[in-house]
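Q: I am new to this structure and would like a short tour. Could we begin with a loop?

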Amino acid sequence: MSTPELEIECAIDKSDPKTSDIVVTHSKSFLDEKVNKANHGLHKVAAQSLEGSRIMPQLKEWPQIAVTLENMISELATGSRPVKDGLDQAAQDIDRILRRAGYRKS
């Protein structure tokens, strides 16, 4: 949904407190000097913390769940589907995946 350059721009822009954001997802963004200066070093510490972590769920069904989410996010991002309806549908689809795998009861 974004590039490191766009994330960096957003993470360092403190011009409007109502829209100011610190969220980044790209490694380059976590390690960027300007991002860390603007956010008191938070991202550098986060990068160190995430370095050895297992951040993806450890379910064998995760790839199927991830694809379900990715496809729905793409639909929502293009505006081809109303957000609430799309998220509700994704939740139902994921619930079905988890029930089939035995993690949830019918």
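A: His40 is found in the loop between helices α3 (33–38) and α4. Helices here (H or I, at least four residues) are DSSP runs, numbered from the N terminus. This is a predicted model, in which local features need pLDDT of at least 70 and side-chain atom pairs count only at pLDDT 80 or more, while totals for chains, interfaces and linings use all residues. Residues are numbered from 1 along each chain as its sequence is written, and side-chain values use heavy atoms, with hydrogens and water left out.

Q: Is His40 buried or exposed?

A: His40 is exposed, with a relative accessible area of 79%. Buried means under 20% relative accessible area, exposed over 50%, and partly exposed in between (1.4 Å probe, protein chains only).

Q: What about the phi of His40?

A: Phi of His40 is near 60 degrees, which is a positive value in a residue other than glycine.

Q: And Leu42, where is that?

A: Leu42 lies in helix α4 (residues 42–50). Its relative accessibility of 41% makes Leu42 partly exposed. Together with Ile22 and Val23, Leu42 makes a nonpolar surface patch of about 260 Å².

Q: Which residues of α5 are buried?

A: Ile65, Ala66, Thr68, Met72 and Leu76 are buried in α5. Seen down the axis of α5, they fall within an arc of 160 degrees, so they line one face of the helix. The arc is that of the directions from the helix axis to the C-beta atoms. On the other side of α5, Pro63 and Thr78 are exposed.

Q: What do the buried residues of α5 pack against?

A: They pack against α6, where contact means heavy atoms within 4.5 Å.

Q: Then which residues are buried in α6?

A: In α6, the buried residues are Gly86, Ala90, Ile94, Ile97 and Leu98. They cover an arc of only 105 degrees around the axis, which puts them on the same side of α6. The face turned away from the buried side of α6 carries the exposed residues Lys84 and Arg100.

Q: What follows each of these helices?

A: Gly79 follows α5 and has a positive phi near 80 degrees. Just after α6, Gly102 takes a positive phi of about 90 degrees.

Conventions. Helices (H or I, at least four residues) and strands (E, at least two) are DSSP runs, numbered from the N terminus. Patches are made of residues with over 30% relative accessible area and no salt bridge: like charges are joined within 9 Å, nonpolar side chains (Val, Leu, Ile, Met, Phe, Trp, Tyr) within 5 Å. Accessible areas come from the Shrake-Rupley method with a 1.4 Å probe; for residues, only the protein chains shown count as cover. A salt bridge is a side-chain nitrogen of Lys or Arg within 4 Å of a carboxyl oxygen of Asp or Glu.
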